[in-house]
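Let's take a walk through a protein model and look at some of its details. Have the sequence and the 3D view ready.

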Amino acid sequence: MSASSAFGDDKGGSSNVGEPEYGHDPASGGIFSSDYKRHDDLKEMLDSNKDSLKLEAMKRIVAMIARGKNASELFPAVVKNVACKNIEVKKLVYVYLVRYAEEQQDLALLSISTFQRGLKDPNQLIRASALRVLSSIRVTIIVPIMMLAIKEAASDMSPYVRKTAAHAIPKLYSLDPDQKDQLIEVIEKLLADKTTLVAGSVVMAFEEVCPERIDLIHKNYRKLCNLLIDVEEWGQVVIINMLTRYARTQFLNPNINETLLEEEKAFYGSDEDEDSKEETPDAEVSTAAKRKPYVMDPDHRLLLRNTKPLLQSRNAAVVMAVAQLYFHLAPKAEVGVIAKALVRLMRSHSEVQYVVLQNVATMTIKRRGMFEPYLKSFYIRSTDPTQIKILKLEVLTNLANETNISTILREFQTYIKSNDKDFVAATIQAIGRCATNIGEVRDTCLNGLVQLLSNRDELVVAESVVVIKKLLQMQPEQHSEIIKHMAKLTDNIQVPMARASILWLIGEYCEHVPKIAPDVLRKMAKTFTNEEDIVKLQIMNLAAKLYLTNSKQTKLLTQYVLNLAKYDQNYDIRDRARFIRQLIVPMEKGGALSKYAKKLFLALKPAPVLESPFKDRDHFQLGSLSHLLNAKAGGYQELPDWPDVVPDPSVRNVEVKDSVIKLLERVTTLTSVPEWTKCSGRDKRKDKKADKPFYSDSEGESGPTESADSGSDSESDSESGSETGSSEESGSRSDTEDSYEEEEESDSEGMEKVPKGRNILRRKNKTSASDSAASDESGGEEDRLPKPGYGKRSESEEEKSESESSESDSESEPESESDADTKKKKKKKKVPVSAPASKPTKKANVEKKEAVEKKEMSLLDLDDFLSTPTESTTYQVSPVSNVVSNSLVTDLEGLSLTDTTMSAVTITSSSSMKMYELLHRIKGEGLAVEYCFSRQPFSSDIHMVAVQIQFTNNTSSEVKNLHVEEPKLQSGMRMKEFQEIDVLPPSGTATAVIGIDFCDSTQAANFQLCTNTRKFFVTIQPPVGELMTPVFMTENEFKKEQGNLMGMNEISEKLALGEMCQNDITIVQRVTSAANISRVPCGSDKECRFAGKTVTSGSLVLVTVLTKEGGAAQLTVNCEKMVIGTMLVKDILQALSP
C-alpha cells in the first residue's frame, strides 16, 4: 500500500516540476521534434551513476505513461536499471516493465535472472513486483519458471505476495493451458488462505481457470461467507458472483412451494363436480402433507445474512452484486430489501445510473411491487442524458397499474413538450404500451395521441401515427373517424414511416372509409416516383386491396401504379409489382392463385403486442455484461438451474473427532489465559502454543497455505505428541523457531481475538492427528530425513524420499475431508504427516538460504538458455539438497517439470558439436536421448534447422516404435519429424535428424517423444547462434552491407579478451563455435570479420572483433533483427571473456 501512496506523491511532484518540459522537451513527444533526439536526456539520466537522476527520469517516464504517451523506445535504457539497489528506482522500473514487458519480450528475457533474484528480495513489494513482471512476459519458454515462482509465492509469508501469485495464475493459464492441473493445486492451496487480502484474488483465479471445480469451494464456503465483509471491494464483487452460481447448484429454490401452491389452486378451482368438491379439502390436506414444507439450508441463510450489510457499501458494483444475488437466490418476501439500495445508486454518476436502471428495468417486469413505493425516484429530470431518460421511461411503464396510471400519464404529458426528440418519441411509445396493458385508459391515451397529430413538430406527429396504428388494430370499428383524420395528414407528413403507417391503415380498413381511400390512392399515384421505398410498397399494397374491394373506381389507378413500379430502380419494388399483377390481374394461362387473392391481402391480422425490450433478459445473470448487451459475451457463465433434489449439505462440514470433545472444558478456560508473550520460560511458551485457541474456521481449513505458520504449528505439535524417537531433532527445530513463532502467533492473535468453540475443536482434531501420525513414524523418519551435513544421496534414496514427500503433501490437508475408515488405513500405512521428506528441518532450510545468498545463485540465468560453451567441458551440478530443489534442477536443464532427482548432470561435446540432453535416462526409464545442432542444411527444407538426435537404450529390453507426436509450436514455427524407429535393441544406439523452423527466435519447440508404451514431453531450445547459416562474401561486400546496417541495427560492446584468446586462431574458433557463421577475408591483422544470415528470413548478421593493445577488444554486431543481434552479442562476449 505504501508503494501506491509513494507513487502518487511522486507523480504529483513530477507533474508540477516538469510540466513546462512536456510541451517543449523532446521527451514529451512533440510533433516537430527530431526522432534522433527524442528521449536523449532521459537516457542520459538513466545511464548516470546518481540514483537521484535515475529516480527523476523514472518519475518522468511513468508520468508519460500515465498521460498516454508511448515510452516503449526507452525499454533498453530502463531495463538496465532493474538491478538498481535504490528501492524507489526499482519500484518504478518494475511499474514500467509491467506495462511494456509483453511488447518487448526478448529484451525482457535478458533480465530474467534479475527478476528471479527479485523473488527472494526481503521487501515484499519487490517480490510481488518481480512476480508481476515475470508473469507479464508472454513467452512459453519460461512457463516452468513462472510455475515455480507462483508455487513459491503461494507459500510466501506476505499476503500481498500471495495475492500477486493469485493474479499471476490466470496469466500463466492463458499462456499455457496444459498447466491447468498444477495451477488447480495452487488455487486449492490459496483458497484455504485465511487472509482477506488473498480471498478475492484467488476466487478470480478460480473463475478463470477451473470454474467447473465446484468441489474446491465446499470446504471454504463458510469461510468465504464470513470473510466477505472484510475483503476489498473488487474481491467482494468476484466472490459474490461466484457464490451466486454456487448457491444455485447446492440449495433448493426458496420459492418452490409458492409455485406448487398456485398450480394446486388452479387444479382444484377448475373442478365443478359436487362430489369432487366435497373431497377437495381432504385432497388438499393429503397433498399438503405430501408436500414437505420448505426449510432454508443454514448455509443458504448464512450467505444471505452476510451479504445484506454490503447493500450499504459505498461501491456501486458491490451493491449491484448483492442485489443480483438477492434477486436470484432470496425468497420473494426478502427481495424487497434491495430496492432502497438500488434507488440510492440513482443519485450517482450517469454511467452508474445507466447500469442500475438496466437491471431495475428487468426486475420490475417480475417484481413490480418491489419498486412501487419509490415511483417518484424514477421521474425524469431535464438534466438527465437521453439514455437515462429512456430507461426511466421503461421503468415507469413497467410500474404502471390502475392506481398510478393517472399520475404517470400526467408525467408523460410533460415529457412530450421536451426538446429532446428521441426522448419525445420514446414517451409516445410508452403511452402506447400503457394503453395496451391497461384497458381502462386505452381511449384516453388514443385521444391524447390524436391531439398530438396537430403538433407542429413533424417527428412527434410521425411517432404518434405509428403508435395510433398499433392501437387501432385492437378496435378498428370504433375508430373510423380517427382513420379519416389520419388520411388528411398525408399532405403534410413527410416522414416515410408515418406515411407508410397511414397508407397501411387506410388499405387495411378501406371498408370503413370507402370514399376516402380511392382519393388517397389518386394523390399517392401522382407522387409515386418521388416517394421512399417503404412508402412505395405500401402504395402498391393499398392499390391491390382497393382493386379487390372497389375495382370500378381503382382499376386504372392500380394499373398505372404497377406500371410505374415495373420500371423502378429498386428490385424489391419491381418484384412486388410483378407479383401483385399476376395475383390480381392474371393472364389467361395463369391465375391459379387469383382466387385466393382476397385471403392473401385482406386476411385478419392479429393486433400487435407491445412488450418491454427487457422481458426476456432475466435469463442472463443480472449485473453481467451479457445482460447489459442482451447478448452472450465472451467468458460469460450461464446461471445454473435450481436442483430438483437437495445436494448433500455435509460436503461443507468439517468433521470433529469424538475424543476432541473432552477438550471443551479446557477451551473455555484457555480463552481467559493472558498472552503467552508474558511468560518467561521457553517451556511455558511451548505449553501455551500447544493449547493456543486462536484458530478460526479459515485457519483450521487452511492446511499448508501459511508456510511458516502451519509449518511451525505442525512441528510444535509433533514435539508435544512424539515423546520418543525424534526428541533431539524436534528440539533443534524449536530452537530455531522461537522468534518466528512469537511473531506469527502475535499476528494471528491480533487478527482473530476470540474464536468459536467448534473452530478450536477442529484445530485440535488436526493437531492430534498429526501427533499420532508423527509418533507412529518417529522411529523410521530420522533415518529418511537428510542431515544438513550430507552432500549427495543415491538415486534410490532420493526417489524414495520424493515419493514420501508427495504422500505427506497429500496428507497435510485437513483430515476432516476424508472418512473415518480412510483415516485408519492411513495410520496403518504409516505415512509421515508432520514432517514431509522434502522439507527436513528449519535448520537445514536456513543453511540452504545462506548457501544461496553466498553464491548469489538465481533460479534462472539467461545463460542456461542461450550460452553455448565452446570447449569440451564437463559440468558438475552441486548437490541439489544444499542449493535448489530437485524439480528446479530439471527445469534448468530440460525446461520440463519432473519429479525425478538428478544428482549430477554431465554434458559432453563430441568433436565440434555440443550435445544437449533431451531426455535423462532416469526420467526416460532407461532411454537416454541427446541432441545437437549439426549445422548442416536440412535436406527437406533449407529454412529449417537440422537437429541430430541420438537415442541410447540403457535397459535390458527392446524399445519399439520410437516416434514424435503432438508437436506444440509457437505461431509460425514448423517441424519435420523423423521416420519411426521400429526397434532399438538393448545397449543399442540410433541416430535421427529432424528439421525445425524456429522463425528466427529462441522459443522452444515442445513435442512428445513416444515409444510403444510411454510418452515423454521433451523440449528443444536453440541457442541464438544455431539459428544462422554461414554466408561467404568479400571484404568490400562486407563493408557495403555493414554500411546499410548502421544506427539501431548496430550493437557495440567493449570487452577484455582472456589469456587464451590473444591470437586470431582462438578468436575465430570461439566465435564460430558460438554462432554458425563464417569468416570474411580481411586485410587487417587486428580485425576479424564474420558473416552469416538467419535460416528462416535470411536476415544478414555481420560480426566484427577489433583487437586492441593490452588485451582489450571491441565487438560489433550488425543485424536487421535487433533482438537476435542483442542475444548474439551476449553469447560471443561470454565465449571471448576470460
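Is Phe933 buried or exposed? At 5% relative accessibility, Phe933 counts as buried, since buried means under 20% relative accessible area, exposed means over 50%, and partly exposed is in between (1.4 Å probe, protein chains only).

## Before we go on

This is a predicted model, so local features need pLDDT of at least 70 and side-chain atom pairs count only at pLDDT 80 or more, while totals for chains, interfaces and linings use all residues. Residues are numbered from 1 along each chain as its sequence is written, and side-chain values use heavy atoms, with hydrogens and water left out.

## Rings that pair up

There are 14 aromatic pairs in the structure. Take Tyr415 and Phe423: their ring centres are 5.4 Å apart and their planes sit at 45°, so this pair is tilted. Here's the rule: rings of Phe, Tyr and Trp (its six-membered ring) pair if their centres lie within 6.5 Å, and planes under 30 degrees apart count as stacked, over 60 as edge-to-face and the rest as tilted. Tyr415 and Phe423 are both buried.

Now back to Phe933, whose partner is Tyr931. With ring centres 5.8 Å apart and planes at 80°, Tyr931 and Phe933 make an edge-to-face pair. Tyr931 is buried too, at 5% relative accessibility. Elsewhere, Phe75, Tyr96 and Tyr100 form one aromatic cluster.

## Charges over rings

Some rings have a charged side chain over the face. A charge sits over a ring if NZ of Lys or CZ of Arg is within 6 Å of the ring centre and within 35 degrees of the ring normal. Arg367 lies over the face of Phe327, 5.1 Å from the ring centre, and Lys469 lies over the face of Trp504 at 4.8 Å.

## Helices side by side

Two packed helices are described by the angle between their axes and the distance between the axes. Helix H29 (residues 496–508) and helix H30 (residues 516–526) pack at about 145°, with axes 10 Å apart. The axes are lines fitted to C-alpha atoms, for helices over the stretch in contact, and angles run from 0 to 180 degrees between N-to-C directions. As for the names, helices (H or I, at least four residues) and strands (E, at least two) are DSSP runs, numbered from the N terminus.

Which residues make the contact? H29 brings Arg499, Leu503 and Ile506, and H30 brings Ala517, Val520 and Met524, where contact means heavy atoms within 4.5 Å.

Over in helix H21 (residues 337–345), the buried residues are Ile338, Ala339, Ala341, Leu342, Val343 and Leu345. They pack against H20 and helix H22 (350–366). H20 (residues 316–329) is also the place of Gln324, which is buried with a relative accessible area of 1%. Leaving out residues up to four places away in sequence, Gln324 touches Ile240, Asn241, Thr244, Gln621 and Leu622.

Most residues other than glycine have a negative phi. Asn961 has a positive phi of about 60° although it is not a glycine. Asn961 lies in strand S6 (residues 959–968) and is partly exposed, with a relative accessible area of 29%.

Ser987 also has a positive phi of about 60°, and it isn't a glycine either. Where is Ser987? Look in the loop between strand S8 (981–984) and strand S9 (989–997). Ser987 counts as exposed, at 64% relative accessibility.
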